[in-house]
Amino acid sequence: MLKPGPVWAAGAMSGTSLDGVDAAMVLTDGQRILDFGRTDYRPYSETEQEVLRAALGRWPGEPGVEAAAEVVETAHAELLAGMVDARLIGFHGQTLAHDPQGMSGARRTHQAGSGRVLAEVLGRPVVWDFRSTDVELGGQGAPLVPFFHFAAAQWAGLSAPVAFLNLGGVANVTWLDPRAAGPEVAGALLAFDTGPANAPINDLVHARLGGARDEGGALALAGRADMDLVERFLAHPFFLRIPPKSLDRNEFPDLLKSVERLSDADAAATLTAAAAAAVARGFEHFPEPPAALYVAGGGRMNAALMVELARRLNCPVAPVEDLGLDGDMLEAQAFAYLAVRVARGLPTSGPSTTGVAALVGGGQLSAPS
Ligand SMILES: Nc1ncnc2c1ncn2[C@@H]1O[C@H](COP(=O)(O)OP(=O)(O)OP(=O)(O)O)[C@@H](O)[C@H]1O
Ligand SMILES: CC(=O)N[C@H]1[C@@H]2OC[C@@H](O2)[C@@H](O)[C@@H]1O[C@H](C)C(=O)O
């Protein structure tokens, strides 16, 4: 249904930190990125955040999930209505629960919000539910941004293996070789979640000081990390697992508790060091050292986290802005790009990104009636 050649698509992402929705436009044929377009952001109100928070960890049909879906759909409809030039929408939704290992009795993942509803409201085709097929076929269902990272590296003209790191609530890393013919080719990519990143730092600041985050990493910079606690954190079985692997937001419940007896600054420094140490552990899995690490996501604004990363890694660490990319919008852009891939029947994940046995084109396409 999409005519051949490049199309403008809009992607939207509601991330684990529950702050709001990012949307961004990308001109792509599903393989190459030809241009980046408009971006926009729609914060969730406090009431909306409460509705979403109350539904975390829940599956479809459980209490609070319908209300959460409505919040997600309304926010996306408002934001995406402004992106009038988009021929196709990529709608990630809000992850409420993610259980690719089947610990809850079934292997499943749940992103709140219906693309069917959004397609009707916006009067445009919507690709959504990007993760379920991958999980059903035995994959982790995440991370999905790596195929886009590959295209972004080619867009930036890179010619040696590099890594991209997303520092959101959870961190995920992609090692890639831009000389490969495409992201689906063996040896082009290795991607996985590295561990918790901003989520425990935010939770600490919220619990102790009532704030939303450690602004600029100032609190952590004023403290000293307890390296025994960092080592204990690294003993978690997640770090022994061979990638690909993905994390649920609440998989490290003891991390915040472990810093209980420390001062505010030392606790922040410890959680920050733990996030960086988890990334460094991730580097041990790379096929070869990357020429540089390019960082996206809100965590790149945390100077303490960036310093800790640079100290632990044997390569330059820089924000993705050094490549001309927008570190706040990479995930939204990724779902625009992935939507076009789905509409064109191209794969969006594979053995080296989600661990699924074969290449998968995840995502449902809903057209307005
Ligand atoms: N100026 C800043 N100083 C310190 N930390 C910051 C700053 N700006 C953003 N952050 C951190 O980044 C987080 C938001 O990051 P981002 O928007 O990339 O996450 P997300 O997309 O919601 O998460 P995920 O990628 O896990 O889905 C904030 O919650 C905060 O912890
Ligand atoms: C299940 C889920 O929503 N996972 C998110 C989350 O946030 C960061 C990390 O954990 C990553 O695995 C993923 O998001 C990005 C967009 C991804 O799929 O690449």
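The following legends describe close-up views of a predicted model. In this model, local features need pLDDT of at least 70 and side-chain atom pairs count only at pLDDT 80 or more, whereas totals for chains, interfaces and linings use all residues. Residues are numbered from 1 along each chain as its sequence is written, and side-chain values use heavy atoms, with hydrogens and water left out.

View 1. Ligand 2 is surrounded by 16 residues, the closest being Thr95, Arg131, Leu144, Val145 and Asp193 (a residue is near a molecule if one of its heavy atoms lies within 4 Å of it). An N or O atom in the side chain of Thr95 is 2.6 Å from an oxygen atom of ligand 2. For Arg131, a polar side-chain atom lies 2.8 Å from a ligand oxygen atom, and for Asp193 the corresponding value is 2.9 Å (a polar contact is a pair of N or O atoms within 3.5 Å). The protein covers 97% of the 440 Å² of accessible area that ligand 2 has on its own (Shrake-Rupley method, 1.4 Å probe).

View 2. Strand S4 (88-99), strand S8 (170-176) and helix H12 (330-343) each give two or more residues to the shell (helices are DSSP runs of H or I with at least four residues, strands runs of E with at least two). S4 gives the most, with 3 residues. At least three shell residues come from each of domain 1 (7-142 + 331-366) and domain 2 (157-323), with bounds from an automatic or database domain assignment.

**View 3. The largest nonpolar core.** This core has 41 residues, of which Ile33, Phe130, Phe148, Phe164, Tyr294 and Leu325 touch the most other members (a nonpolar core is a set of buried Ala, Val, Leu, Ile, Met, Phe, Trp, Tyr and Cys residues joined through side-chain atoms within 4.5 Å; buried means under 20% relative accessible area, with a 1.4 Å probe and protein chains only). H12 gives the most to this core, with 9 residues. Domain 1 and domain 2 each supply at least three of its residues.

**View 4. Backbone exceptions in loops.** Most residues other than glycine have a negative phi, and most peptide bonds are trans. A cis peptide bond joins Ala142 and Pro143, with omega about -10°; Pro143 is in the loop between helix H4 (132-136) and H5. Another cis bond joins Pro243 and Pro244, with omega about 0°. Leu18 has a positive phi near 65° and is buried, at 0% relative accessibility.

How values were computed. Chains lettered and ligands numbered in written order. Polar contact = N/O pair within 3.5 Å; in protein donor to acceptor, adjacent residues only side chain to side chain. Buried < 20%, exposed > 50% of the residue type's maximum accessible area, 1.4 Å probe, protein only.
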